[in-house]
Amino acid sequence: MSNIYDLDEKPEAIEQAFNKGYFMRMLSYLLPYRIKVVGVGILMVLVTLGQLAEPLLMMMIIDNAIREQSTDKIVLYIAIFIALRALVYLCARQQTRLSNWTGQRVLFDLRQNLFEHIQKLSFDFFDGRPVGKIMSRVTSDVNAMSQFVNMGVVTIATQLITLVGITVIILTLHWRLALMCLAVLPLFAVFLGKAHPFFHRGWARVREEHSKVNAHLNESITGIQVIQAFSRQEVNSAKFRIIMEGRMAAYLKVIKLEVLFWPIIENVGALGTCLVIWFGAREYMAGALTIGTLWAFVNYLNRLWQPLSAISRVYSQMLSAMASADRVFGFLDTPPKVEDAAEAYEMPPLTGGVEFKAVTFSYVPGQPVLHEVNFAVNPGTTVALVGPTGAGKTTIINLLSRFYDPDAGTVLVDGHDLSVVTLASFRSQLGIVLQDPFIFAGTIRENIAYGKLDASNEEIVAAAQAVNAHDFIMRLPEGYDTVTEERGGTLSQGQRQLLAFARALLARPQLLILDEATSSIDTETEHLIQQALTRLMEGRTSFIIAHRLSTIRQADLIMVVEGGGIAERGTHEELIKNRGKYYELYTAQYRAAKDNLEMVGDQ
Amino acid sequence: MNHLLRLMRYARPYARMVALAFVCMLSVLVLGLLPPLILRSIVDRAIPEQSLNLLTWLVAAYIATNMGLGLANYGQWYSFEVVGQNIARDIQQDMHDHLQRLHLEYFRRQKTGDLMSRVSEDIHSIQEFLGWGFILLFSNFLSITITAGVMLWLDWRLAVATFLAFPIMAVVVLRFDKKIRPIWHRVREELGKLTTVLQENISGVRTVKAFARESFEIGKFRTRNTEFFETNIERGLIEANTQPFIEFLSSLSIVSLLGFGGYMVVNGSVSVGTLIAFQGFVWNMIWPIRMLGMLLNLLEQAMAAAPRLLEVLDAVPEIADAEGSRAAGSLAGAIRFNNVSFAFSDGESEVLTDIDFSVAPGQILAIVGGTGSGKSTLVGLIPRFFDPCNGGVLIDETDIRDWTLSSLRRQIGMVLQDTVLFSASVRDNIAYGMPEATQEEIETVARLAQAHDFIASLPRGYDTPIGERGVGLSGGQKQRVALARALLMDPRILILDEATSSVDTHTEVLIQEGLKEIMEGRTSVVIAKRLSTIEQADLVMVLEQGRIAEFGTPQQLLGSEGFFSRLHRSQEFDAGEEVAQLV
């Protein structure tokens with residue numbers, strides 16, 4: 001089912017095949033730190049070589065020192081051993097520090113890059129995507145990529161060196177025995193490689209089922225009143241039971257595989273060791289092999305499995321990193337639709353004259369919302385936009401704020417075509433108050449100052465007073481320093497509106513854009529808001545999507561937006577006399593408002 | 001610890017699997033001792049004696065031991081996983097079922113987020129511990145002891161020399177764990193802060209762009225990003241300082257083994273085979289020690305989680321079917337409140353005081369009052385979401401506590417301000433109370449609720465999924481679906497909380513007209529927000545701070561000098577002929 005509200009329609013891929021382009025691009029993030037990366041490489045080689053040398057040392061202790069009964073030699077070899085180990089320790093420590101640092105840097109850079117790019121993107125990008133999806137690009141996808149590029153690459157390199165090193169060493173020690181062990185290896189690799197997708201898919205299923213369980217639990221808790229009102233407990237429990245069965249089944253399926261798989265691998269490994277022991281012992285009995293060598297061999301064999309499983313793990317890491325890279329680079333490669341033109345110039349200080357010339361626009365191609373809209377408004381005019389839902393009022397405001405560019409026609413402010421002035425210079429002279437004012441986590445002061453970051457305290461308080469917000473702010477526990485929660489949780493809707501007004505006022509805009517809230521606000525604040533609005537609109541050009549009768553009636557110009565254009569325009573009195581669309585709208589609204597207890601006012 | 005033990009009773013149904021797992025575990029431990037010993041025999045006996053026969057037998061024994069180990073391992077892991085999963089599932093099901101029956105007030109006190117974390121994350125901690133943490137802890141401990149025992153028995157001097165480094169290692173491991181956990185906590189916190197900034201930025205993108213604050217936001221993000229980076233570097237440093245060191249310490253035991261062992265072999269007190277066997281044993285001991293920190297962490301988390309789970313399971317549902325309650329027959333719908341008082345148990349002042357009134361079957365009662373007057377609470381007493389502290393609520397002259405909850409509630413339909421719909425198709429949502437309803441029945445109520453038209457226009461009609469993963473409905477549409485849902489039960493009593501917000505005028509008119517038809521033949525209690533509703537009601541109640549300020553027919557109230565008549569007069573908020581012209 002297609003849904004305009006989900007542009008990335010296909011279900012998210014968990015893994016994707018290796019893509020050289022993505023890989024090189026991910027590696028390029030390591031480039032700024034190449035010196036450190038080289039350092040990591042060198043240290044890594046040292047550590048691996050040190051670890052590889054150990055069984056050889058042990059072999060020499062047994063074959064040389066012990067056989068020759070030389071305690072001096074034992075002491076010597078032990079000293080070498082300890083020195084080697086200390087070296088490995090120091091190198092490993094430094095290597096961990098460095099690779100952790102580079103890994104975190106890559107993570108930081110990728111994240112910062114992505115975030116900054118997203119800031120440049122226009123509304124059409126955000127309109128089609130749920131917030132959660134965008135967020136997971138910046139959090140988990142970037143994480144998967146940096147983990148792979150850092151740890152993944154390091155691991156592959158280390159393990160490859162180990163594999164090659166061990167192969168070389170055992171071939172040197174006794175090539176016939178070595179060949180016997182190595183023959184098993186390719187079989188192993190194939191086995192591991194084939195098994196991995198099963199595990200991967202299995203765990204992905206488990207995660208799916210798990211989120212179903214959580215979703216059900218969430219609904220059962222948040223919807224408890226409905227559940228009890230309809231006595232749905234039994235049915236719900238049965239439904240939950242089924243969901244749980246699903247999860248259990250998925251989990252057991254994967255676990256059975258895992259729990260079977262690893263012991264089999266170990267058994268095959270042990271088989272290999274046994275072969276070596278058997279043949280090796282025979283060789284020894286024939287005088288062609290020493291005990292020490294045999295022991296070293298067994299030790300090396302035991303070390304062969306680790307690289308294999310590590311590499312297969314990195315392989316799955318790579319698959320998810322590729323899928324993530326696909327999404328992340330997809331974002332990074334999206335060009336912003338609305339941006340500064342090449343020769344964009346700064347918008348001079350506004351006086352506030354607005355003109356739409358033959359403006360046509362559609363969100364979805366082929367479904368125009370506005371068609372050849374024309375109007376001109378003088379500075380200082382208050383314009384009220386009214387009309388049925390979806391008619392295009394919000395679109396006019398979006399175009400005016402240059403959140404979107406028109407498909408055809410021009411939007412001019414003070415005679416300047418908006419598409420050729422810089423966005424920053426224009427928007428900083430706008431004041432915009434949206435329907436659901438966004439209050440972010442911080443303090444009241446910070447929220448108001450969003451309109452003008454370097455505003456002084458006096459300016460902030462003055463703005464708050466002008467919009468009747470000062471009183472309720474002072475009644476809060478810490479006044480202007482009161483901490484606001486995410487989305488302004490503890491404040492009432494009316495209070496949030498007032499804060500948004502203060503914020504807009506602080507910017508001293510010459511052009512004000514306002515989308516009035518439709519929902520009933522608590523009656524105490526309603527009156528304050530009406531006053532604040534009047535004050536806000538003084539002396540500036542305002543475009544208001546109006547719902548309040550008082551707002552509409554006070555406007556200098558009312559435009560009825562319907563059918564893709566401006567159906568009627570004029571003052572309130574003119575339009576009432578007309579007995580046209582406006583008249584119908586107004587009377588219906590009037591009746592509804594009259595009926596609405598909350599609008600009328602409490603005792 | 002007691003809490004954790006209490007939860008162990010969930011293991012009882014799986015006692016046989018648990019026993020099997022333990023048997024397997026012991027087999028693994030015992031069998032695990034054999035390979036080093038076999039190697040020892042090969043080196044000390046088969047090879048010097050040049051006995052191919054003995055060698056072959058020993059190697060065969062090695063293979064057999066390994067297969068046995070594999071089998072026992074499989075048995076051990078699988079059974080403990082199964083037990084762990086089953087226990088977690090049982091606890092989760094119990095918690096779910098129990099929660100559904102708890103009184104509504106419980107959910108007022110608890111935050112959803114907290115409940116969710118109890119029901120998912122805390123259970124996960126328990127499952128991890130009971131599934132494999134517990135067994136690993138146990139078997140590691142046994143492994144260390146048994147292996148040490150065998151080593152001491154083989155040659156106590158060599159054994160002691162090998163053990164030298166272990167205590168230090170254990171200490172380092174434990175200290176590392178103590179140091180690293182607060183850092184991980186901080187890393188999670190920093191990630192949380194980063195996510196918050198990110199989420200605010202994306203949800204508030206309109207505001208950001210409106211004020212052209214992109215560079216400011218970038219700076220904000222950079223700060224958080226940097227903090228996250230620095231905390232992770234700190235964590236990396238701790239890990240870099242400790243992990244390689246632990247590796248170094250474990251190799252020290254190999255060093256002592258080789259050093260002392262080599263010396264002892266030279267002076268003949270120990271055989272080479274024993275030396276080789278000891279190397280194998282040392283691995284049996286090092287791994288458990290290194291896992292110690294992680295396992296203790298699991299135990300701690302489980303101990304923290306257990307009381308949180310038990311709190312929910314132990315909560316007593318305060319609203320439940322009383323002893324000897326019987327099913328309510330078909331109700332007529334006469335409602336009477338007999339001197340009802342109510343207060344929430346978190347010690348606030350009384351929400352309702354001396355509420356006393358009655359409504360005859362089929363009448364419409366409109367309740368009016370400001371915020372905090374107690375309207376929602378009063379209305380919630382009828383389906384027994386709350387029980388009165390004093391007095392009683394009677395329907396058809398019977399105290400509703402005498403009836404079973406489900407028989408009572410199935411005859412009451414509620415549509416509240418905060419519409420809750422579930423992630424399912426429109427049909428399933430409407431048929432929520434009666435999953436067996438036919439399509440016809442569903443469409444009938446949908447039409448009554450003025451919802452049929454917009455539902456039919458959805459991409460898949462009644463089968464369209466709504467909710468989290470489906471199409472988003474507007475506030476007004478949700479309300480109408482909820483209304484249809486309530487009507488499907490054909491309730492005798494209808495409780496409505498009128499919404500004025502988020503519905504456009506056109507729909508409002510439709511709903512208003514539909515309501516008349518809907519309320520026919522039912523007793524309706526409406527929290528009224530429209531004057532027209534009040535004017536059409538049979539009875540009007542004005543609530544002021546939990547008390548009935550006025551009660552009577554609309555005409556009666558208009559006559560008196562109360563809130564209602566004042567309200568009616570203040571209708572004329574616009575002076576002038578214009579009003580007269582329009583109305």
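How far apart should the ends of helix 8 of chain A be at 1.5 Å a residue, and what is the distance between its end C-alpha atoms? The helix covers residues 233-285, which makes 53 residues. The expected span is 1.5 Å times one less than the number of residues, so helix 8 should span 78 Å; its end C-alpha atoms lie 76 Å apart, which agrees. After helix 8 of chain A comes Gly287(A), with a positive phi near 80 degrees.

This is a predicted model, and confidence in it can be followed along the chain. The average pLDDT of chain A is 84, and 94% of the residues score at least 70. Residues 1-10 of chain A have a pLDDT below 50, although the model gives this stretch 22 contacts beyond near neighbours in sequence. Where pLDDT is low, predicted coordinates should not be read in detail.

The aromatic rings come next. Over all chains there are 41 aromatic pairs. One of them joins Phe23(A) and Phe148(A), with 6.0 Å between the ring centres and 50 degrees between the planes, a tilted arrangement. Phe23(A) belongs to helix 1 (residues 20-27) of chain A and Phe148(A) to helix 5 (residues 131-173) of chain A, so this pair ties together parts that are 125 residues apart in sequence. Phe23(A) has a relative accessibility of 19% and counts as buried, because the cut-off for buried is under 20%. Phe148(A) is also buried, at 3%.

A second pair, Tyr89(A) with Phe245(B), crosses from one chain to another. Its ring centres are 5.7 Å apart and its planes meet at 50 degrees, so this pair is tilted.

Arg25(A) lies over the face of Phe329(A), 4.0 Å from the ring centre. At Phe198(A), the charged end of Arg201(A) sits over the ring, at 5.7 Å from its centre.

Methods:
Residues are numbered from 1 along each chain as its sequence is written. Chains are lettered from A and ligands numbered from 1 in the order in which they are written. This is a predicted model: local features need pLDDT of at least 70, side-chain atom pairs count only at pLDDT 80 or more; totals for chains, interfaces and linings use all residues. Side-chain values use heavy atoms; hydrogens and water are left out. Rings of Phe, Tyr and Trp (its six-membered ring) pair if their centres lie within 6.5 Å; planes under 30 degrees apart count as stacked, over 60 as edge-to-face and the rest as tilted. Helices (H or I, at least four residues) and strands (E, at least two) are DSSP runs, numbered from the N terminus. Buried means under 20% relative accessible area, exposed over 50%, partly exposed in between (1.4 Å probe, protein chains only). A charge sits over a ring if NZ of Lys or CZ of Arg is within 6 Å of the ring centre and within 35 degrees of the ring normal. pLDDT is the predictor's confidence in each residue, from 0 to 100. Contact means heavy atoms within 4.5 Å.
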